[in-house]
Amino acid sequence: MRKYHFKNCNGLQMNAITELQKLLQFTISSDGICVELENTESGLAVDSTAEGYKIKFSSLHTLFRGIFLLYAKGDKKDLHIKQECSFKDFGIMLDISRNAVLKTETIKDIVLHLALLGYNSLQLYTEDTLEVENEEYFGYMRGALTGEEIKEIDDYCKLFGIELIPCIQTLAHLNQITRYERYDKIIDYGDILLVGEERTYELLENIFKTASKHFTSRNINIGMDEAHMVGLGKYLDKNGYKNRFDVMLEHLNKVLELCDKYDFKPRMWSDMFFRLVSGGDYYNTEIDGEIQGLFDKIPKEVKLIYWDYYSLDSSRYENNLKLHKKISDNVGFAGGAWKWTGFAPDNLFSIKTGEQSMKACKNVGTDSFLLTCWGDNGAEASVYSILPSIYYYAEEAYSDQFEKDSFLALTGIDFDDFMKLDLPNRIIEPSDYDRNNASKFLLYNDLLIGTFDSLVFDTIDEAYEKNAMELKEICKADRYGYLFDTLYKLCDVLSLKAKLGVDLKAAYDKNDREMLLEIKDAILPRLINKLESFYESFFYQWHKENKSFGFEVQVVRLGGLKNRMEYVQKRIDQYLRGEISKIEELEVPRKPFNYFETVDYNKIIYNLWSVIVTPSVI
């Protein structure tokens, strides 16, 4: 283990450096390698000196990135590194609203990773997962963060020069509170708040008051994205039809009054302004004179965040950033680390989109870059599964050349090996880096109904066996081995299950009673054992990282999957014994998967459990 002696280091810096030892294997000692610290006006530099090394840093986060680079290079004798972040505000957003509310210690551990990589902000995305004063059912039984937890995280972030920014919703995406009549009354349509209603702004003021009390940052993300039906529900009934752009502005101005009251500088997702003038399109809007006149009404104090995680064409990002610049000089960009389509991440696609979006942001001169880490439909994927993406974006922000070697020093696992967490969805060679979430829709694809059976190919079981073995080889890794264990066992389940529905239907159609008996007595019991093993690993992963709230959903889903397998066993048994003359679901001729127009395996993202598992109503 290496020993360092930090020269010209004050007490607060030393407190933070001491925390870094939780991730990096070094000790602090007066007889260690001399590392002189020196302030500089911008960026960071790490250089060899006669005594040891010198780190020049312009901020706390550049200091800690400098220490990481020194450590990762293995005390190279002739070391000369000079870097500067391309963005004034460079952060990530953690979604804690899709059932997986990260434990405080998990968030603090992520902060350590961010500090070493040079990020300077962290947003916590809370819809209702925030305890709010005077709103006792807001976030009830959802694992909502308490004020004490936020303060603890906030203090820890400040230790590393990282700004903890509240990221709330003030218009849409509040569907979890609609179950309570007290909130349903102020819902316009779906999950969208009722604009102009006094109780709406009472709720929002309570949220702002809470955020103001517990977050020290005076920046806030007020959300307001994807409110597609705003003004078309209760608002329409009460007020008649009004120009929906004006309805958005009416609400925004009310929210800005609260920002001003609680001394917050607002930022918001920009999509609704574009959607409302272009028939719902966000990414291909043409701004003519009439539209420009509407856009001129948008208050200039709001930072508009253009979010896009889908394109492999830098010109699309660049063109849309330029469109935003026509509206305001106060513009930021948000890309995405894909962890929101099931149990496995898609780091490859995250990196390929990041390569293009980073290029565009640098060309246009955008000074704010946010990496979003959403958790749609249950947040099954671990927050650590996207560490390769988080690392890559930091490399791109600070350097023109991506070097993956230092990733080993951060995680103890080679970068290319960590990327194998993508394997559950990499069962055929990708074309143009398109993405799919096959591991989720094949896991929940019903054995009797077979919605996705037409997507199953002959060698899919072999593909999953191969991927399972590759993941199994990394399960013993000290710190993150459990991530690989979970996804190894997922692939192990799919090596048996992915093709089983097809084989079952074929055996039934041929009246192959011997094969049906084997499925009932041998294959399904093995599959149930594999599923139970996967469940235990996933149980460990979830409870290691998250509060227990929200896992009940996974219990229902995976427990239901097991029960359905037992049901299939029973129905086959009844059929073979002659107790029933047919298995009704297997009598229906199979039609190809056609929920989407595309049948390209690499392009199918089907993420909602409720519509994967059955065509019936849940």
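Predicted model: local features only at pLDDT ≥ 70, side-chain atom pairs only at ≥ 80, totals over all residues.
View 1. Residues are numbered from 1 along each chain as its sequence is written, and side-chain values use heavy atoms, with hydrogens and water left out.

**View 2. The buried face of helix 19.** Helix 19 spans residues 500-509 (helices are DSSP runs of H or I, at least four residues, and strands runs of E, at least two, numbered from the N terminus). Its buried residues (under 20% relative accessible area, 1.4 Å probe, protein chains only) are Leu500, Gly501, Leu504, Lys505, Ala507 and Tyr508. Seen down the axis of helix 19, they fall within an arc of 165°, so they line one face of the helix. These buried residues pack against helix 18 (481-497), helix 20 (513-545), helix 21 (551-577) and helix 22 (584-587).

**View 3. The largest cavity.** A cavity is a set of points on a 1 Å grid where a 1.4 Å probe fits but cannot get out, and lining residues have an atom within 4 Å of a point. The largest cavity has a volume of about 80 Å³. Its lining includes Leu94, Asp95, Lys339, Cys373 and Glu545.

**View 4. The second largest cavity.** About 50 Å³ of space lies in this cavity. Among its lining residues are Asp89, Asn221, Arg267 and Ile305. Strand 8 (121-125) and strand 16 (368-373) each supply at least two lining residues, and the largest share, 3 residues, comes from strand 16.

How values were computed. Buried < 20%, exposed > 50% of the residue type's maximum accessible area, 1.4 Å probe, protein only. Arc of directions from axis to C-beta. Contact = heavy atoms within 4.5 Å. 1 Å grid on protein atoms, 1.4 Å probe; cavity = no way out; pocket = protein on both sides within 12 Å on 5 of 7 lines; lining within 4 Å. Points joined across faces, edges and corners; volume = space filled by probe spheres on them.
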